[in-house]
Amino acid sequence: MTETKANGDGTSRSLPRENPCLSYWQRTTRGFPHLFANRDTPVPAKSKYVIIGSGISGGLVAFELIQAGVKGEEIVVLEAREAASGASSRNAGHVRPDAFRGFSAYAKVHGVEQALKIIDNERVVLEKVDEFVKRHNVQCDFNLTTTFDVCMTPEFAQYEADSLEAYKCAGGDVSHIKFYGGKDAQEKTRIPGAVAAYEWPGGSSHPAKLAQFLLQSVIDQGARLFTFCPATKIESSGESDALLVPQLEPYIRPNRAQAHTLIPSPALAATSSLRSTFSLRYSLYHFYSLIQRKGDGTLVLGVSRTNPTLSEKTLASRFSTDDSDYNQEISDDALRSFEDLFPDYSSNSLAHGEGLDHAWTGIIAMTTDSVPFVGAIESLPGQYICAGFNGHGMARIFTCAPGVAQLMCQGSWGETGLPECFQFTPERLSRLSEGNLPSIW
């Protein structure tokens, strides 16, 4: 049994900001009836299952527990702000597996076998999201399509080529990956400056609608959601801890990201809309992400967290939990770069209502070994973790969250099918404490 205590004084630096801005996804889902669920209702003193966080990860864990036979009435979900107000509702809309790019970096940190499993797991996640949405008729605008890694410099084109070769030589499956060089890349992606491009299956969605579907589903089955209820202390078996998981502080850190919605000009509207999603890369750390929504044609443009063209002040501000506003310099850079990438989209001829529509920030949880923390916390019996997705949550959550639910129901790690390097263990923390590791993203 777990007892939870919560308050809303906002004094802990580990708690989310109380005055967040709204993302595009949040702005378009204000009618969700449980947005402020139980805001002024006392939290029950005890509950058999307490899930902290009401995003896609938390909602899916609750969903899977109920599917496994847990009674909904035994589940309490706590959210520090409004429902699904964190990273799940602030991302750039991708459901985008890595097909090969991260392999070499993963191999350096976790070994070749684990690197292969990491890449394979992301491919499985795309299939699982597609299957879940279809089976449950989830109205989250999921679009199964293809995605492009577009190399904008010769240097990065070489990096990608080397990564693909290393992955292939290690036995990785590349049958679903298509390569385009030079003019073929430019014609296929519609980006005149493209040096090379790789295409593979990917998707996009309305993440807030997906999170809200999960919450609605578990609430309908008896689970209770308490919003504006930050968890500040957990008491278990008569013992208490000052912070929820204090030992993680050196190994998981916030990273502030930014995204924008644009209303397209005629050059990117109607039959000229983009059919695939994009990662537009000048280097490993300088890139932009892009999707175009099928229904309304809205473009969602994300910006990398270490863009070298930004000022030192802006770069330093990325290590922050402040999601109350957006950064104007990042927005200006994103719009300039977008016009460079797609010259037909001319800011000089935009009609009223076209162009930049909205900008927002979200906080990404980055781990020092670039893979999530998943599993039981041995030092805190009865507690489990599913966090630290490194900005790649939609390519990982749909295996990680069900995996945690299996473990909570006495399943073994092997039954989860997850890469062993995801598992939260004292040995993993010990390795992380030995020194800095290269970042994948």
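In this predicted model, the count of salt bridges comes to 19.

**Exercise 1.** Determine where the partners of the salt bridge between arginine 81 and aspartate 323 lie, and whether each is buried or exposed.

*Solution.* Step 1: the closest N and O atoms of arginine 81 and aspartate 323 are 2.9 Å apart, and the pair forms a salt bridge. Step 2: arginine 81 belongs to the loop between strands S4 and S5, while aspartate 323 belongs to the loop between helices H8 and H9; the pair, 242 residues apart, links distant parts of the chain. Step 3: arginine 81 has 7% relative accessibility and therefore counts as buried, the cut-off being under 20%. Aspartate 323, at 3%, is also buried.

**Exercise 2.** Locate the partners of the salt bridge between lysine 117 and glutamate 113, and classify the accessibility of each.

*Solution.* Step 1: the N to O distance in this salt bridge is 3.6 Å. Step 2: both residues lie in helix H4, 4 residues apart, which is about one turn of the helix. Step 3: lysine 117, at 31% relative accessibility, is partly exposed, whereas glutamate 113, at 54%, is exposed.

**Exercise 3.** Identify the network of salt bridges that includes Arg96.

*Solution.* Step 1: arginine 96 and aspartate 149 meet in a salt bridge of 2.6 Å, N to O. Step 2: both of these residues are buried. Step 3: Arg96 and Asp149 are linked with Arg101 and Glu160 in the network.

**Exercise 4.** Describe the setting of arginine 396 and its polar contact with glutamate 122.

*Solution.* Step 1: arginine 396 is in the loop between strand S18 and helix H10. Step 2: its relative accessible area is 0%, so arginine 396 is buried. Step 3: the side chains of arginine 396 and glutamate 122 make a polar contact at 3.3 Å.

Definitions and conventions: Residues are numbered from 1 along each chain as its sequence is written. This is a predicted model: local features need pLDDT of at least 70, side-chain atom pairs count only at pLDDT 80 or more; totals for chains, interfaces and linings use all residues. Side-chain values use heavy atoms; hydrogens and water are left out. Helices (H or I, at least four residues) and strands (E, at least two) are DSSP runs, numbered from the N terminus. Buried means under 20% relative accessible area, exposed over 50%, partly exposed in between (1.4 Å probe, protein chains only). A polar contact is a pair of N or O atoms within 3.5 Å; within protein, one must be able to donate a hydrogen and the other to accept it, and residues adjacent in sequence count only if both atoms are side-chain atoms. A salt bridge is a side-chain nitrogen of Lys or Arg within 4 Å of a carboxyl oxygen of Asp or Glu.
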